[in-house]
Amino acid sequence: MASKYFGYAGRVLRLELTKRKHVIHPLEKELIRGYLGGRGFNSKRLLDEIPPETDPLGKENKLMFATGPLVGTGFPTASRFNVSAKSPLTWILGDSNAGGHFAPEMKYAGYDQIILEGSSDRLLYIFIDDDDVSFIDASHLAGLDVYETTKAVKEEIGDESVQVVAAGPAAENGVRYAGVFANLMRAAARTGMGTVMAQKGVKAIAIRGSKSIDVAHPDKFEKLVEKLEEDIYNHPQYWPRRIMGTTRILLPLNLGGFLPTRHFTTGVFEYAEEVSGERLAEEYNVKTRGCFSCILPCSRFWVIRKGKYKGLYGEGPEYEPLSAFSARVGNPDIQVALKANDMCNKLGLDALTTAECISWAMECYERGWLTKDMADGLDMSWGNEETILTLIEKIARREGFGDILADGVKKAAEKLGFGEEIALHVKGLEIIQADPRGLKGYGLGYVVASRGGDHLRSEPFFELSDDPERGRELFGIPETALRLEYKGKGKLVSFFEDWCAITDALEVCKNVAENMEVLPFDLSGEVIHAATGIEMKGGEVRRIGERIINVERLFLVREGISRKDDTLPKRFLEEPMPEEAINSAGSIFELEPMLNEYYTERGWDLKTGIPTIAKIKELGLEKYVDNLRELSIPLKDK
Amino acid sequence: MKVTVRFIGIPGINVNSKKIFADDTPRVKELLEKVCEMFPEIFPSVDHIVDRFLVLIEDKQGKTTNIRLKDGLRTVINKGESLIVMPPLTGG
Amino acid sequence: MRKRIQTNEEACSGCRYCELVCSFSHTREFNPRFARIRIVKDDVIGMDIPVVCRQCRRCIPEENCPMEALERSYLGAVMVIEEKCVGCGQCITDCPFGSISWDPIHEIPLVCNLCDGEPICVRKCPTKALSYTDLNTISRKKGVQHASKQYKQLLSEWGADNMMEGF
């Protein structure tokens, strides 16, 4: 039966793991109006239900999966979910997003959000079959990798079409940056959400649904989808993305001199062509694969046909892991990068954090701080194949030196007592594969991102456009269009943060909706109206994005975050890009002026970086003011 | 003179660079016209290239500048400089 | 000439857009369970294979549908006569290709009806993994492909490789 909700499935499923019970309740209408979906739902509920100082690996933490109003419809690229909890890696907001086919199945089973509470004393997997929920013993799956787990669960249920998210052995072993994996390699990898899931005693969640998703205005919806199809198919980035996916940007980043190489000691990698997306497409890719309802399928199935890894096959990788396991660790061999990425997927690790830990250790070794003995006798020179692959395995098993790296780079530096100044993270989350000295807006994005050092909260790609006229037109500041300039970046980042929050709330693909500029706020409003029946203008849509950002900021503020934490590692603030990185040479990151501009744009207190009472009220969040005061958080009126 | 044109990330064209013969100190427009002749299916016109791709000039040292920040299509290519054509660079 | 939906397994990305547009065009609801086409997948080996009715002769005769609820449309598609169908499921168990779906809500089999000669899945497939062609055309195309390959081999044996430019 079609539900009385349009677009939404209209229900929330709470799984009480301690008692192995479940409760279904209607999706709150206020949550829809205020937060739209996906990441918005999760962030708001985390603020309401996870008090400060909750132990991320304790019973009180909650793990939430949420999807959006367009998912399950035929809206192009609407296939994604966010999985959120307090992070065991950063102790602030944990949140990660993935595509594949899991999220639409949630909707067909009748849920917009699934919340895992409490924890089970023995390992379980959960099977949600429309309204039936079973908690099934999974002790026989203990230690299995993501692929084996997914396969076993599907076989036991006896239906290849059930959708599964799984955690790997790294998560079970308590590595603090293990992810949740849908369709084997669609990784919600960042901030340790797999760790939370496994520590709650859940190895996998399987879901199957038979319900329909209705849209409020089918004719209007159909027309809008046709417009989107046209915009996407005719877009200049269509074919580059279709052939190479995100790996297409490796060579341009190298050209720009901001491809993080050997742990960000330089911005050009002499073997860039060997490990590029072009090389992958020419020699390894055999087939295009896509997420659910995607008309720009950008994932690639690859096979290694000769060499040491002959016979290895898999899917992806995205730019980040490919580049991290080549340039960042100084490895010139693309096959080793493919192998490393494959291992991370199977063991259930965040490839970016893993690569940061390994490349950090390599730099510590080069500087003479780390000895071979401390590293279990491994040769820690740049790009050493055996070291890279052995360490991935050791991290996942928490063995020897791997145990030290398994808590993330910040903790590793604390434990070893050196390398803190070159531990490249923001708020405990390891920085992604683009040098902030060559991309100031992106850098500012890492500084202020609510989950720590990551670009997916903002993606201010506009600064790569080299089009100052358009910068003046759109933001009133020509420099917003120039990557090495810092002026205007506060304004730019806050605009793009709001936009990303909306794409994450709608659970559409950021690559398409945002990076290809096909789903701006006004059009989002139209789409929301056609799908859900709720009238919304572009301004209102952006306001929801802003509300999501502020709710997340309040969560961080409650955990003690303030201006002092909104920073980058010293390397980016003090060491200019080296001469050889010609197109970014000499550049450093101008933190203070950018941060001031950003806070001003956000309406946050310049001194503390905390939202002002005026801003909190403007967004209808006044109910949190008393709570913040009780916690002695310094609030300014305006 | 011979001008090197590099294509990055364009499906249908190898990463390898191509040499284009042109008059001495040609303008970008002239070179792009030749690029269109070489790959008519990918680049039907010069306007198409400018609309949908980034065109950069790279000097001897490897420093690149978008032609948009110079004189656009009228920018003159000097000896030792080369041209790069690639799709717009947005996130990953 | 009767046309059929042909599939290209190498081109299919497994996005299931076909399932969605099929369900929506027939019911105005989005539900892959209501789709008359389905993608069979295996992520481990990267498999995505579209499964849809090939309009063979198997299910229509009386011995296969005792209720005589299956008929052929003017396009050659298999039509389920809902008034006659009792939902016994025999056509589903009999179809060797698994290309008859089961609508769990209305409890009837679902078979591709070719959308009045303009299958929406073919029109909307992002990777052109689906096409709508008659077998005769396909047969001729395949024949030419195979014959040329054989002749090329012969040319090569004759040392007349330069003649290959004719192909």
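**Entry 1: what covers helix H11 of chain A**

I began by looking up what lies over the buried residues of H11(A), and the cover includes helix H9 (250-256), helix H12 (334-347), helix H13 (351-366) and helix H14 (385-397) of chain A. I am working with a predicted model, which I note here at the start. Next I asked myself how many residues of H11(A) are buried. For this helix, residues 319-328, I found 10 of its 10 residues buried, and I wrote it down as mostly covered. The buried residues include A:Tyr319, A:Leu322 and A:Phe325, and A:Glu320 and A:Arg328 are also on the list. I then looked just after H11(A), where A:Gly330 takes a positive phi of about 75°.

I moved on to helix H19 (residues 489-506) and helix H22 (residues 538-558) of chain A, whose axes come within 8 Å. Are H19(A) and H22(A) roughly parallel or roughly perpendicular to each other? I looked up the crossing angle and found roughly 95°. Angles of 65 to 115 degrees count as roughly perpendicular, and H19(A) and H22(A) are therefore roughly perpendicular to each other. On the H19(A) side, I noted A:Glu497, A:Asp498, A:Trp499, A:Ala501, A:Ile502 and A:Ala505 in the contact. On the H22(A) side, I found among others A:Val541, A:Arg542, A:Ile544 and A:Gly545. I sorted the residues of this contact into 8 nonpolar, 1 polar and 4 charged. A reminder to myself about helices: an α-helix has 3.6 residues a turn, so residues three or four places apart point the same way.

**Entry 2: domains 1 and 3 of chain A**

I stepped back to the domains of chain A, which are domain 1 (11-208), domain 2 (236-408) and domain 3 (440-630). The centres of domain 1 and domain 3 of chain A are 27 Å apart, taken over C-alpha atoms. I found 34 residues of domain 1 in contact with 28 residues of domain 3. Which elements of domain 1 each supply at least two residues to the side that touches domain 3? I listed helix H1 (29-35), helix H2 (38-49), strand E4 (81-86) and strand E5 (93-98) of chain A. H2(A) gives the largest share of that side, with 7 residues. I also noted the make-up of this side of domain 1: 14 nonpolar, 15 polar and 5 charged residues.

**Entry 3: chain C as a whole**

I turned to chain C and found 4 helices and 8 strands. Their pattern along the sequence is β-α-β-β-β-β-α-β-β-α-β-α. Why do I call chain C more spread out than a compact globule? Its radius of gyration is 20 Å, well over the 15 Å that the globule rule gives for 167 residues, so chain C is more spread out than a compact globule. Along its principal axes, the C-alpha trace of chain C spans about 65 × 35 × 30 Å. Buried residues make up 35% of chain C. Among its contacts with a separation of 6 or more, 54% join residues 24 or more positions apart.

**Entry 4: a look at C:Asp42**

My last stop was C:Asp42, in strand E2 (residues 38-42) of chain C. I found 14 other C-beta atoms within 10 Å, and C:Asp42 is partly exposed. Which residues does C:Asp42 touch, not counting residues up to four places away in sequence? I noted A:Glu160 and C:Met47. I also checked C:Gly14, which is 28 residues from C:Asp42 in sequence and 9.7 Å from it in space, C-alpha to C-alpha.

Key:
Residues numbered from 1 in each chain as written. Chains lettered and ligands numbered in written order. Predicted model: local features only at pLDDT ≥ 70, side-chain atom pairs only at ≥ 80, totals over all residues. Domains from an automatic or database assignment. Contact = placed C-beta atoms within 7 Å. Nonpolar A, V, L, I, M, F, W, Y, C, P; charged D, E, K, R; others polar. Rg over C-alpha atoms; globule rule 2.2 N^0.38 Å. Buried ≥ 20, exposed ≤ 12 C-beta atoms within 10 Å, placed from the backbone. Axes fitted to C-alpha atoms, helices over the stretch in contact; angles between N-to-C directions. Parallel < 35°, antiparallel > 145°, perpendicular 65-115°, else oblique.
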